[in-house]
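Visitor: I would like to go through this model with you, one question at a time.

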Amino acid sequence: MTIEQVKEEQRIAIVGAGPGGLTLARILQQHGVKTVVYEREPGPHSRQQGGSLDIHHDSGQMALREAGLFEQFEALARYEGEDFRLLDKTGKVYIDEFAESQGQRPEIDRGTLRELLLNSLDPDIIQWGHNLVQAIPMENGRHELHFENGHVDTVHLVVAADGAFSRIRPLLTDSVPAYSGLSMVELYLDNAAIDHPEIAAFNRRGKMFALADHKGIVGQLNGDGRICVYLAFQIEQEWLDTCGIPFDQPEEAKRQLLKHFDDWDESLQNYIRSADGPMIPRRIYMLPVGLKWTHKPGVTLIGDAAHLMSPFAGEGVNLAMLDAMELALSIVQHGDLDKAVEAYEMKMYDYSSKSAEESDANLKLIFSDDAAAKLTDLMNQYYEQQ
Ligand SMILES: Cc1cc2nc3c(=O)[nH]c(=O)nc-3n(C[C@H](O)[C@H](O)[C@H](O)COP(=O)(O)OP(=O)(O)OC[C@H]3O[C@@H](n4cnc5c(N)ncnc54)[C@H](O)[C@@H]3O)c2cc1C
């Protein structure tokens with residue numbers, strides 16, 4: 001089959017309008033291959049999209065170039081967001097980096113990246129409010145997709161870009177995400193420069209990591225002027241439910257969260273004390289490192305659906321976009337959908353398993369004893385290799 005036949009005769013569905021699914025739809029659109037993207041959220045603005053992401057030159061940025069969006073990305077990206085500070089709980093500073101003007105991992109807010117991708121797609125590609133409930137394998141690799149709203153579609157290829165708890169993954173593997181040992185609480189300091197000038201000056205233009213006692217406080221300046229704060233706890237899986245902290249009552253929750261950091265420096269406690277508005281508790285899950293499956297025609301996984309990992313290598317979004325690029329280019333090169341998917345899967349296993357190993361090692365190191373000193377050594381080794 002030629003790529004022209006794929007364009008005319010093959011129906012490709014992407015489930016999930018996250019960074020992976022949208023990048024895939026965009027690159028295929030660039031090559032004249034039509035797709036449909038099914039997304040369960042009712043519309044583009046129905047959910048707060050969360051914090052800032054660093055987009056790497058050798059993965060996420062490559063995908064944006066292939067998508068024809070790199071110049072627009074550059075105009076939106078915050079290169080100064082690569083500022084990085086590392087401290088321990090006493091406030092001792094281990095690393096204090098001031099970003100160069102043109103580094104390799106600039107930041108962009110998740111919502112801004114999503115908007116960039118959404119605006120680049122033909123509007124009829126995305127079907128909002130379509131929650132996939134089941135994908136049923138049929139003859140010849142086709143799949144029948146059933147949605148909560150009653151819609152049914154039969155497609156030649158379904159790409160699962162539906163994230164951590166993919167409903168399509170069980171067609172390919174019995175592996176399920178396991179709790180990583182880490183729970184986080186996400187808080188925000190609104191309008192930081194004006195309303196929280198001391199914390200804004202302390203945090204600088206990028207990320208501040210404070211690590212000790214198997215816990216962490218991470219502050220991350222976003223493009224909209226907020227500081228996103230992650231409180232991280234290496235703790236048993238049930239803790240968020242059993243700790244008794246009322247996360248829906250922010251003032252009381254802050255008071256109780258501060259108790260977990262009562263011997264931390266004031267400059268660090270201030271991230272909690274001064275937080276505004278609601279907070280989001282979440283457990284961090286991961287798939288087995290190096291997950292593979294037996295190839296089946298007509299279905300594949302990209303992004304978190306394929307290789308969910310902890311966020312401590314900063315690779316999740318970058319890999320989702322790289323997967324999208326590799327799969328799209330494979331489809332365009334092979335013409336034959338089945339060969340294209342198989343070639344993509346082989347390539348993806350290789351690079352994603354390396355990132356998953358790195359992410360797993362970072363997770364263990366960041367929440368070990370003397371984490372700030374150990375992370376400093378690791379980063380120094382990395383810089384020496386560059
Ligand atoms: C707290 C936290 C911080 C992080 N920080 C970073 C970071 O700094 N850098 C980084 O690279 N990564 C980070 N990550 C990881 C990153 O968010 C993910 O790896 C990335 O979003 C994966 O993209 P995706 O497109 O595969 O999936 P997702 O972004 O999860 O998108 C999946 C989409 O599928 C939709 N969907 C789900 N189920 C269905 C269904 N049944 N039917 C239809 N639609 C469905 C969802 O609504 C969603 O829009 C972080 C993750 C967390 C939890």
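What follows is a short exchange about the domains, the ligand and the salt bridges.

Visitor: How far apart do the C-alpha centres of domain 1 and domain 2 lie?
Guide: The model is a predicted one, and its protein chain is divided into domain 1, made of 3-78, 107-177 and 287-366, and domain 2, which is 178-286. Between the C-alpha centres of these two domains the distance is 30 Å.

Visitor: How much area is buried between domain 1 and domain 2?
Guide: The contact involves 22 residues of domain 1 and 21 residues of domain 2. Carbon and sulfur atoms give 59% of the area buried between the two domains, and that area is about 1,500 Å².

Visitor: Which residues of domain 1 lose the most area to domain 2?
Guide: The residues that lose the most account together for 25% of what the domain 1 side buries, and they are Phe312, Leu363 and Ile366.  Their names are given here for the domain 1 side, the one that includes Phe312, Leu363 and Ile366.

Visitor: Which element gives the most to the side of domain 1 that touches domain 2?
Guide: On that side, at least two residues each are supplied by strand S3 (52-54), strand S6 (107-109) and helix H13 (337-366). The residues of this side divide into 12 nonpolar, five polar and five charged. With three residues, the element that gives the most is H13.

Visitor: How many salt bridges are counted between domain 1 and domain 2?
Guide: Across this interface six residue pairs are found in polar contact. The side chains of Glu107 and Lys207 meet in a salt bridge at 3.0 Å, N to O. Between domain 1 and domain 2, the salt bridge count is one.

Visitor: How far is an oxygen atom of the ligand from an N or O atom in the side chain of Glu39?
Guide: The ligand is surrounded by 34 residues, and the closest are Gly20, Glu39, Arg110, Asp304 and Val317. A polar backbone atom of Gly20 is 2.9 Å from a ligand oxygen, and for a polar backbone atom of Val317 the distance to a ligand oxygen is also 2.9 Å. For the side chain of Glu39, the distance is 2.7 Å.

Visitor: How many residues apart in sequence are the parts that Asp263 and Lys89 tie together?
Guide: The structure holds 18 salt bridges, and in one of them the side chains of Asp263 and Lys89 meet at 2.8 Å, N to O. Asp263 lies in the loop between helix H9 (250-259) and helix H10 (266-273), whereas Lys89 lies in the loop between strand S4 (84-87) and strand S5 (93-97), so the parts tied together are apart in sequence by 174 residues.

Conventions:
Residues are numbered from 1 along each chain as its sequence is written. This is a predicted model: local features need pLDDT of at least 70, side-chain atom pairs count only at pLDDT 80 or more; totals for chains, interfaces and linings use all residues. Side-chain values use heavy atoms; hydrogens and water are left out. Domain bounds come from an automatic or database domain assignment. Contact means heavy atoms within 4.5 Å. Buried area is the accessible area (1.4 Å probe) that two parts lose on being put together, summed over both. A salt bridge is a side-chain nitrogen of Lys or Arg within 4 Å of a carboxyl oxygen of Asp or Glu. A polar contact is a pair of N or O atoms within 3.5 Å; within protein, one must be able to donate a hydrogen and the other to accept it, and residues adjacent in sequence count only if both atoms are side-chain atoms. Helices (H or I, at least four residues) and strands (E, at least two) are DSSP runs, numbered from the N terminus. Ala, Val, Leu, Ile, Met, Phe, Trp, Tyr, Cys and Pro count as nonpolar, Asp, Glu, Lys and Arg as charged, and the others, Gly among them, as polar. A residue is near a molecule or strand if one of its heavy atoms lies within 4 Å of it.
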